Protein chains: 2
Amino acid sequence: MSVRDDIEEANRTLGKALANGDTARIASLYTQDAVLLPMGAPRMDGRAAIEAFFKQGLEGGFNDLTLETQDVTDAGDLAIEIGRWTSSAMGGDAGKYVVVWKKEAEGPKLQIDIFNSDTPPPTA
Amino acid sequence: MSVRDDIEEANRTLGKALANGDTARIASLYTQDAVLLPMGAPRMDGRAAIEAFFKQGLEGGFNDLTLETQDVTDAGDLAIEIGRWTSSAMGGDAGKYVVVWKKEAEGPKLQIDIFNSDTPPPTA
């Protein structure tokens, strides 16, 4: 399998784990020292913080996420993915993301994860 | 100079060019086929689209941006930066970004640029 195939499989696993409310499985897709840079919240470092973020999201109703890989750039023991995300949860939204994957023995793991929405904030 | 020094210098140049309204200078800091993934707008490919984005931002009053490098990961002819941005323009805001830099002969250029805000969208 190519790195891109491995990444797409990991993304499907993430979507399924979210639908199942399995935050431990989600956290296991990230490296131990991963950095999550979510919109609307500060930077989060490490698996425990990332699992807590998804747990809080699930409690708020965020239980649907589809990830679509657009570009993958191979960079030694890293790979950089640009993609689009869509979610039907909480009224629905869509946007873009960049993930830096670290190639580990069991497959690529999310090392850096940042995303945003295409939707402009409502003007006050 | 280290890659990190070069990146920090390019970031200062970007901030100054924005303050001066010099969108051609800003565009020249990106690679020809750079990808910009701004919050509140779709993906933009290439220097011309990126220059148009900054031009529109300036017309809306977005003329202040400070970039603070937090982590730099060297990856062959690429380098991956995690940082924080702050802006006093348009009421002020702050957030996070990830930039993938491509090492070109004259220095690193922005190849992939994605950012978001720490501020949650107001609830309706």
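This is a predicted model: local features need pLDDT of at least 70, side-chain atom pairs count only at pLDDT 80 or more; totals for chains, interfaces and linings use all residues.
Local features were considered at pLDDT of at least 70 and side-chain atom pairs at pLDDT 80 or more, whereas totals for chains, interfaces and linings use all residues; side-chain values rest on heavy atoms, without hydrogens and water. Residues are numbered from 1 along each chain as its sequence is written, and chains are lettered from A in the order in which they are written.

Chain A is superposed on chain B by a rotation of 180 degrees with 0.0 Å of shift along its axis, at an RMSD of 0.0 Å (least squares on the C-alpha atoms of residues with pLDDT of at least 70 in both copies). This is the relation of a two-fold axis. The same surface serves both copies, as 100% of the contact residues of chain A recur in chain B.

The contact (heavy atoms within 4.5 Å) takes 28 residues from chain A and 28 residues from chain B. The buried area, defined as the accessible area (1.4 Å probe) that two parts lose on being put together, summed over both, is about 2,100 Å², and carbon and sulfur atoms give 70% of it. In chain A, the residues that lose the most area to chain B are Arg43(A), Lys96(A) and Ile114(A), together 23% of what that side buries.

The rule for salt bridges (a side-chain nitrogen of Lys or Arg within 4 Å of a carboxyl oxygen of Asp or Glu) finds two across the interface of chain A and chain B. In one, Arg43(B) meets Asp71(A) at 2.8 Å, N to O. Asp71(B) likewise forms a salt bridge with Arg43(A), with the closest N and O atoms 2.8 Å apart. Asp71(B) lies in strand β3 (residues 66-75) of chain B and Arg43(A) in the loop between β1 and β2 (44-45) of chain A, so the pair joins two chains; strands are DSSP runs (E, at least two residues) and helices likewise (H or I, at least four), numbered from the N terminus. Both partners are partly exposed (between buried, under 20% relative accessible area, and exposed, over 50%; 1.4 Å probe, protein chains only): Asp71(B) has 30% relative accessibility and Arg43(A) 24%. Arg43(A), Asp45(A) and Asp71(B) are linked in a network of salt bridges.

Over all chains, the search finds 16 salt bridges. Among them, Lys55(A) pairs with Glu51(A) at 3.9 Å; these residues are four apart in helix α3 (residues 47-59) of chain A, separated by about one helical turn.
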